Amino acid sequence: LAERSAYRGPDGINQWVSGEVGIAHLALNTTLESHCEIQPLISKGGDIVLAADARIDNRSELLEKLRGFLPFKDVITDADIILGAYQKWGTDSPKFLIGDFAFVLWDKVNRMLIAVRDALGVKTLHYAWIGDDFCVATEAQQILAHPKAKSKVNELALTMWLIDRFDDSLSMFEGIARIPAGHMLILSGSHLQVKQYWD
């Protein structure tokens, strides 16, 4: 799935796989801190894994609030801040983040997959069940790379787009949805919830 959009990761593609969960990160370094990032980022105890496309704008405020939740190193990255925020505030953490971001986080202890899209929807995240597999990706074409995925146009989404009433939760492909701006997806077992965290 990552190889389908390799152009999004000119600065490297890394993967983390454990059991039935796999996370890939396609790096495009756009900030000074991002040049020091290695993602997927794994928490110190190995219980949380994060892949993020992020620019956090309230860094200085969060660096103060997250003392004790950030690693001891010279350069704190935006991914470090997102991971520290989750360790401190859990699923309430997106409320504290200001910026452009989309991230996926696997919480091994609680067996939860969390995917979050920034408040204004600058970054995108698509998701779908493909058979028994659950996929989350930046682009729908990444999900369509799954060998069991079917590429069929979503006529409702196309119609809504043509009349300038596009629904942010729709993708142009049937069976693939988008996480709307200011929302987070939580998958726990087979229970899927998409909830709004910002208005």
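Is Asp164 buried or exposed? Asp164 is exposed, with a relative accessible area of 70%; exposed means over 50% relative accessible area, buried under 20%, and partly exposed in between (1.4 Å probe, protein chains only). The structure is a predicted model, in which local features need pLDDT of at least 70, side-chain atom pairs count only at pLDDT 80 or more, and totals for chains, interfaces and linings use all residues. Residues are numbered from 1 along each chain as its sequence is written, and side-chain values use heavy atoms, with hydrogens and water left out.

An open sheet of 6 strands runs in the order 3-4-5-6-10-11, with antiparallel pairing. Its edges are strand 3 and strand 11 (191–196), each of which pairs on one side only. Strands here are DSSP runs of E with at least two residues, and helices are DSSP runs of H or I with at least four; both are numbered from the N terminus. Two strands count as paired if DSSP finds at least two bridges between them.

Strand 3 covers residues 41–42 and pairs with strand 4 in the antiparallel sense over 2 bridges. Leu41 stands opposite Leu50 of strand 4. The hairpin of strand 3 and strand 4 has 5 residues between the strands. Within this hairpin, Gly46 takes a positive phi near 80 degrees. Strand 4 spans residues 48–56 and is mostly covered, with 7 of its 9 residues buried. Strand 4 also pairs with strand 5 (residues 99–107), again in the antiparallel sense, over 9 bridges. In this pairing, Arg55 stands opposite Asp100 in strand 5. Further along the sheet, strand 6 (residues 112–117) and strand 10 (residues 183–188) share 5 bridges in the antiparallel sense. Val116 stands opposite Met184 of strand 10.

The largest nonpolar core holds 27 residues. Such a core is a set of buried Ala, Val, Leu, Ile, Met, Phe, Trp, Tyr and Cys residues joined through side-chain atoms within 4.5 Å. Leu50, Ile56, Ile82, Leu97, Phe101, Phe103 and Ile114 touch the most other members. Strand 4, helix 2 (78–89), strand 5, strand 6 and strand 10 each give two or more residues to this core. The largest share, 7 residues, comes from helix 2. In soluble globular proteins, nonpolar side chains tend to be buried together.

Val153, Leu158, Trp161, Leu162, Ile163 and Phe166 form a nonpolar patch with about 580 Å² of accessible area together. Patches are made of residues with over 30% relative accessible area and no salt bridge; like charges are joined within 9 Å, and nonpolar side chains (Val, Leu, Ile, Met, Phe, Trp, Tyr) within 5 Å. A salt bridge is a side-chain nitrogen of Lys or Arg within 4 Å of a carboxyl oxygen of Asp or Glu. Accessible areas come from the Shrake-Rupley method with a 1.4 Å probe. Trp161, one of the patch residues, lies in helix 4. Trp161 counts as exposed because its relative accessibility is 51%.

Helix 4 covers residues 155–162 and is capped at its N-terminal end by Asn154. A side-chain oxygen of Asn154 lies 3.1 Å from the backbone nitrogen of Leu156. Asp164 follows helix 4 and sits in the loop between helix 4 and strand 9 (177–178). Asp164 has a positive phi of about 60 degrees although it is not a glycine.

Backbone exceptions occur elsewhere too. Most residues other than glycine have a negative phi, and most peptide bonds are trans. Arg111 has a positive phi near 50 degrees. Arg111 is found in the loop between strand 5 and strand 6 and counts as partly exposed because its relative accessibility is 45%. A cis peptide bond joins Gln39 and Pro40, with omega about 0 degrees. Pro40 lies in the loop between strand 2 and strand 3.

Ala27 is also placed in the loop between strand 2 (21–26) and strand 3. At 11% relative accessibility, Ala27 counts as buried. The C-alpha atoms of Ala27 and Asp11 are separated by 5.0 Å, although these residues are 16 apart along the chain. Glu3 lies in the segment before strand 1 (13–18) and counts as exposed, at 69% relative accessibility. Glu3 and Ile13 are 10 residues apart in sequence and 8.6 Å apart in space, C-alpha to C-alpha.

Conventions
A polar contact is a pair of N or O atoms within 3.5 Å; within protein, one must be able to donate a hydrogen and the other to accept it, and residues adjacent in sequence count only if both atoms are side-chain atoms.
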